[in-house]
Amino acid sequence: MRRVIAAALFCSIAGCSSTTEAPARTLVWEDDFSGPAGQVANTANWKFDVGEDWGNAQLEYDTDRASNASLDGNGNLVITARREPYLGRQYTSARLITLGKQSFKYGRIEGRMKLPRGRGMWPAFWMLGTDFPTVGWPQTGEIDIMEYRGQEPSTVIGTLHGPGYSGGAARTKAKTLTLARLDNDFHVYAVEWSPEKIEHYIDGELYFTTTKADVPGPWVFDKPFFIILNVAVGGNFVGAPDAITTFPQAMTVDWVRVYEVAK
């Protein structure tokens, strides 16, 4: 039933018709985060990436505690950033990855989620190459399906990083919604990834396309990637929380799905 509803919502947003049809898609993997409240995410799919130094000057310690990432009992994963002293840091949060459990090469990768708010909040839904532990970043490649600054609650950012186009030189584009906020309701964030290009979508609307010809370096998106869900606090991209940023703050994830797309 949830898939039928999602399909209906997609058509209402994207404008499906009898004459123009989206490419055929086959669901190959999903996590709908069903389970009792307080349980951690399915360990066949996810593991915690624990630590504090991710190279972005983030302020949180990412833990493996259910208080920072667990199911809510209503079919959602909730990743919660808290202001609390922990192992020398003043904030905690969580970072979940599918490395070593689930990886994907090409297709449509999408997630439905509601985002936190406030300066210094930096949630992300993204991917790295499975060779990251051996080749490092940016050689591995990075696909940011959704990034967001909590102080800009109507703007989603899609980005690609690779050798010669990383950090401030990344291939990136922002999309600002005119009548909606990303912290007040759920939205669907997606990429459609093929051997020749990567397309970024929000709620079924294409807003950014990158082809091999668009990047000033090697195209490193021709191998398996793993998925990451996290909520960072602070960092170079968003700055530190200010006096009006309240805690706890959470990213609520309804589902993550991967489809094979017919050529």
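## Arginine 257

A polar contact is a pair of N or O atoms within 3.5 Å; within protein, one must be able to donate a hydrogen and the other to accept it, and residues adjacent in sequence count only if both atoms are side-chain atoms. In this predicted model, local features need pLDDT of at least 70, side-chain atom pairs count only at pLDDT 80 or more, and totals for chains, interfaces and linings use all residues. Residues are numbered from 1 along each chain as its sequence is written, and side-chain values use heavy atoms, with hydrogens and water left out.

The side chains of arginine 257 and glutamate 30 make such a contact, at 3.4 Å. Arginine 257 belongs to strand E17 (residues 249–261); strands (E) are DSSP runs of at least two residues, numbered from the N terminus. Its relative accessible area is 3%, so arginine 257 is buried (under 20%; exposed is over 50%, partly exposed in between; 1.4 Å probe, protein chains only). The charged end of arginine 257 also sits over the ring of tryptophan 255, 3.8 Å from the ring centre (CZ of Arg or NZ of Lys within 6 Å of the centre and within 35 degrees of the ring normal).

## Aromatic pairs

The whole structure holds 10 aromatic pairs (rings of Phe, Tyr and Trp, the last by its six-membered ring, with centres within 6.5 Å; planes under 30 degrees apart are stacked, over 60 edge-to-face, the rest tilted). Tryptophan 29 and phenylalanine 104 are a tilted pair because their planes stand at 45°, with centres 5.3 Å apart. They lie 75 residues apart in the chain, and both are buried.

Technical notes. Helix = DSSP H or I, 4+ residues; strand = E, 2+ residues; numbered from the N terminus.
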